Amino acid sequence: MHSPHTTQHNTTLTSLSLSNKNCSSSLQSSIPSISSKMAKDPVRVLVTGAAGQIGYALVPMIARGVMLGPDQPVILHMLDIPPAAESLNGVKMELVDAAFPLLKGVVATTDVVEACTGVNIAVMVGGFPRKEGMERKDVMSKNVSIYKSQASALEKHAAANCKVLVVANPANTNALILKEYAPSIPEKNISALTRLDHNRALGQISERLNVQVSDVKNVIIWGNHSSTQYPDVNHATVNTPAGEKPVRELVSDDAWLNGEFISTVQQRGAAIIKARKLSSALSAASAACDHIRDWVLGTPQGTFVSMGVYSDGSYNVPAGLIYSFPVTTSNGEWKIVQGLSIDEFSRKKLDLTAEELSEEKTLAYSCLS
């Protein structure tokens, strides 16, 4: 595949350093640091299902630095199925036409090995959607075979320490299949997207309280990326002029928080389909960027986010499920937030979504045999 390479030469900086030979050493020492900032090695990011709706929203965000930061060059690897090859090539043409300074190359392919070779980050958006009249088992078996083949390609060809984010539904269980079939990828490097649900919960609280969404933090999505997920505000706070206040205290309507709020977040995907006749794309793409950015660059002090990760038995969630937990991240590693109090109402919700995930796991494993 032809890769459009762009070399950015910053003449301003060069002339500045030449014309200021005698200027203060502090300015001189700052010049190399600015130049070296631009000289990071490109990160290879794979997006599967790249010609689809979410892919089309996601690739420009990655190319603009939304996912990995404004000083991190990227090489995009885009994979889709052969019937989408022409459309995929059109996306590649548009990426070239956008002249993104951070985009150092594009691989657009229908070959899974070519797509996975050397990638540092893999965002798995491609999957088999459930169609009318299909049983869950049929959808599951289609996705099991897709994730089985992509897992082995990543295992053999991705860069060491590749981070994987599964977006395609059923996301938690697809991530589990991928983990099964890519045993050399550490389990801590495989995750499922529940950041969209997390962001939806932040949005609902911000609308309800009429505050900036950036002032709301520490909502939690527990469990499955499905309608059994549990959006929990018991540890969430809002930054107010009078300091941080608990969401529950500010909303002061437990019936809403334990009822309509939860069901709105759980059913938000369906509400978007009803409104747009298409599923969430820009919000899903944005959440995927948030997920990877926080995972790679770290969460702010005192803030936790939701990620679907491999359960170690924390909060009495059965080990061996990909389950959404509150996590903090630093140095590219996530850690489940420990010691949060779980009331009786929450406990039931945590168990219910874990049950669904255990059933999905059983169903997926039955498709494997």
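Reply: Let's start with Arg293, which is partly exposed at a relative accessible area of 26%; buried means under 20%, exposed over 50% and partly exposed in between, using a 1.4 Å probe and protein chains only. Salt bridges with shared partners join Arg293 to Arg195, Asp290 and Asp294 in one network. A salt bridge here is a side-chain nitrogen of Lys or Arg within 4 Å of a carboxyl oxygen of Asp or Glu.

Before we go further, please keep in mind that this is a predicted model, in which local features need pLDDT of at least 70 and side-chain atom pairs count only at pLDDT 80 or more, while totals for chains, interfaces and linings use all residues. Residues are numbered from 1 along each chain as its sequence is written, and side-chain values use heavy atoms, with hydrogens and water left out.

Arg293 forms a salt bridge with Asp294, and their closest N and O atoms are 3.8 Å apart. Asp294 also meets the side chain of Arg195 in a salt bridge, with 2.8 Å from N to O. Asp294 belongs to helix α13 (residues 282–297) and Arg195 to helix α8 (residues 195–209), so this pair ties together parts that are 99 residues apart in sequence. Helices (H or I, at least four residues) and strands (E, at least two) are DSSP runs numbered from the N terminus. Asp294 is buried, at a relative accessible area of 7%, and Arg195 is buried too, at 8%. Side chains of opposite charge can pair when their charged atoms come close.

Helix α8 holds another pair. Asp197 and Arg200 both lie in this helix, three residues apart, about one turn. They form a salt bridge whose closest N and O atoms are 3.5 Å apart. Asp197 is buried with a relative accessible area of 0%, and Arg200 is buried with 13%. Across the protein, the count of salt bridges comes to 11.

Leaving aside neighbours within four places in sequence, Glu356 is in contact (heavy atoms within 4.5 Å) with Asn224, Ser226 and Thr228. Glu356 is buried, at a relative accessible area of 17%.

Follow the chain loop by loop and some backbone details turn up. Lys277 sits in the loop between α12 (268–276) and α13, where its phi is near 60 degrees, a positive value in a residue other than glycine. Lys277 is exposed, with a relative accessible area of 65%. Asn316, in the loop between β12 (305–310) and β13 (322–330), also has a positive phi, near 55 degrees, and is exposed at 64%. The peptide bond from Asn169 to Pro170 is cis, with omega near -5 degrees, and Pro170 lies in the loop between β5 (163–166) and α7 (171–181). Most residues other than glycine have a negative phi, and most peptide bonds are trans.

Three strands form an open sheet in the order β7-β10-β11, with antiparallel pairing. Its edge strands, each pairing on one side only, are β7 (216–217) and β11 (243–246). Two strands pair if DSSP finds at least two bridges between them; β7 and β10 (residues 237–240) have two. Within that pairing, Val216 stands opposite Val238 in β10.

Finally, step back to the whole protein. It has 14 helices and 14 strands, and 49% of its 369 residues count as buried. The mean pLDDT, the predictor's confidence in each residue from 0 to 100, is 91, and 90% of the residues reach 70 or more. Over residues 1–36, though, the pLDDT is below 50, and this stretch has 28 contacts in the model beyond near neighbours in sequence.
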